[in-house]
Protein chains: 2
Amino acid sequence: MKTPTRSAKPAVRPSALQAESLQHTRREHASETAEDYVEAIADLSASQGEARVVDLARRLGVTHVTVNRTLARLQREGYVSVRPYRAIFLTDSGRKLAAECHHRHGIVVAFLQSLGIPEKAAEIDAEGIEHHVSPVTLAAFAKHLNR
Amino acid sequence: MKTPTRSAKPAVRPSALQAESLQHTRREHASETAEDYVEAIADLSASQGEARVVDLARRLGVTHVTVNRTLARLQREGYVSVRPYRAIFLTDSGRKLAAECHHRHGIVVAFLQSLGIPEKAAEIDAEGIEHHVSPVTLAAFAKHLNR
DNA sequence: AATAAAATGTAGCTAAGGCTACATAATGTA
DNA sequence: TACATTATGTAGCCTTAGCTACATTTTATT
């Protein structure tokens, strides 16, 4: 792939695909937090009846301060409903996102394990990988599982 | 990024593993940028003889300002050598990291393609996924390729 | 050599996502 | 009920990583 010299003006931007992929990845990073939070909230709500700030902090490995500020953002974005000193609830939109993430997470973990990767390693890698698995790739993973 | 001290709660639920995985992922995010930069610098140096700020900016899909500031950090961290208005060079450490990333990237892309994922989608997903592929998982990918 | 253009650098803004320290509300218990 | 503990909230700081606008240096062209 040729990139023009400093004197020549590129007619078509080279490295277009790389730049595009990287920008795509950066955009995904912005929604990773939301995904982690809604999934944790859904899990906690199911297992404990409600999701509290402390539980989320413990679950996500951050302080309650970080949880607090992030919840404010997620509320702004319409994923959760928060009231001072009360439990945290998912909106419809949040529940939908949580379900998608849960589904995808399960497939990614199962797929990695099907390759012989031990459960703990699969869990750790899946946590990082899952946010970057496109529908096409997810389908390929699922298909591989059902062979 | 330090683990918040929590009061000793009895039940150590799987939240421990999840928190661990998430912290791990956040740590990886910190090095993603470094990986993307050194790989781009290595590529540009090989293909053009030198890596310049503009080329990096185009390649990474950001402005030259962002490149500039990031290069300062990478120099601080010992991956690159930068002098005003001059080309950018990798240190030994930077070259080593670039080689690792290049190797890993190739395996991830090939692996995804081997699952039937079209090249472009494989490239895009790989860009996000590769930074989160542990040595164990990378080995599993490679093994799957050599069947 | 003078000028135009491109590349690089700098100042300062934004936002996310970490944190500590401290303040207040809610809850459990003596 | 009073008090201690836990949970939650707030203030303010840090770093990364984007950006625009503008300044300076280098390179190209006339």
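The conversation below takes up these topics in turn.

Q: What should I know before reading the values?
A: This is a predicted model, in which local features need pLDDT of at least 70 and side-chain atom pairs count only at pLDDT 80 or more, while totals for chains, interfaces and linings use all residues. Residues are numbered from 1 along each chain as its sequence is written, chains are lettered from A and ligands numbered from 1 in the order in which they are written, and side-chain values use heavy atoms, with hydrogens and water left out.

Q: How many salt bridges are there over all chains?
A: The structure holds 14. A salt bridge here is a side-chain nitrogen of Lys or Arg within 4 Å of a carboxyl oxygen of Asp or Glu.

Q: Which residue forms a salt bridge with A:E20?
A: The partner is B:K120, with the closest N and O atoms 3.3 Å apart. The pair joins two chains, because A:E20 lies in helix α1 (residues 16–48) of chain A and B:K120 in helix α5 of chain B. Helices (H or I, at least four residues) and strands (E, at least two) are DSSP runs, numbered from the N terminus.

Q: And A:E35, which residue does that one pair with?
A: A:E35 forms a salt bridge with A:R104, at 2.6 Å between the closest N and O atoms. A:E35 is in helix α1 of chain A and A:R104 in helix α4 (residues 92–114) of chain A, so the pair ties together parts that are 69 residues apart in sequence.

Q: Are A:E35 and A:R104 buried or exposed?
A: Both A:E35 and A:R104 are buried. Buried means under 20% relative accessible area, exposed over 50%, and partly exposed in between (1.4 Å probe, protein chains only).

Q: What about B:E123, where is it found?
A: B:E123 is in helix α5 (residues 119–129) of chain B. B:E123 is buried yet has no salt bridge, and the nearest side chain of opposite charge, B:R59, is 9.6 Å away. In this count Lys and Arg are positive and Asp and Glu negative, with His and the chain ends not counted.

Q: Which side chain has a polar contact with B:E123?
A: That of B:H105, at 3.2 Å. A polar contact is a pair of N or O atoms within 3.5 Å; within protein, one must be able to donate a hydrogen and the other to accept it, and residues adjacent in sequence count only if both atoms are side-chain atoms.

Q: What do the individual atoms reach?
A: An N or O atom in the side chain of A:R69 is 2.6 Å from a base nitrogen of DNA strand C.

Q: Finally, what is the phi of A:Y85?
A: A:Y85 has a positive phi of about 60° although it is not a glycine. Most residues other than glycine have a negative phi. A:Y85 is in the loop between β1 (80–81) and β2 (89–90) of chain A, and at 80% relative accessibility A:Y85 counts as exposed.
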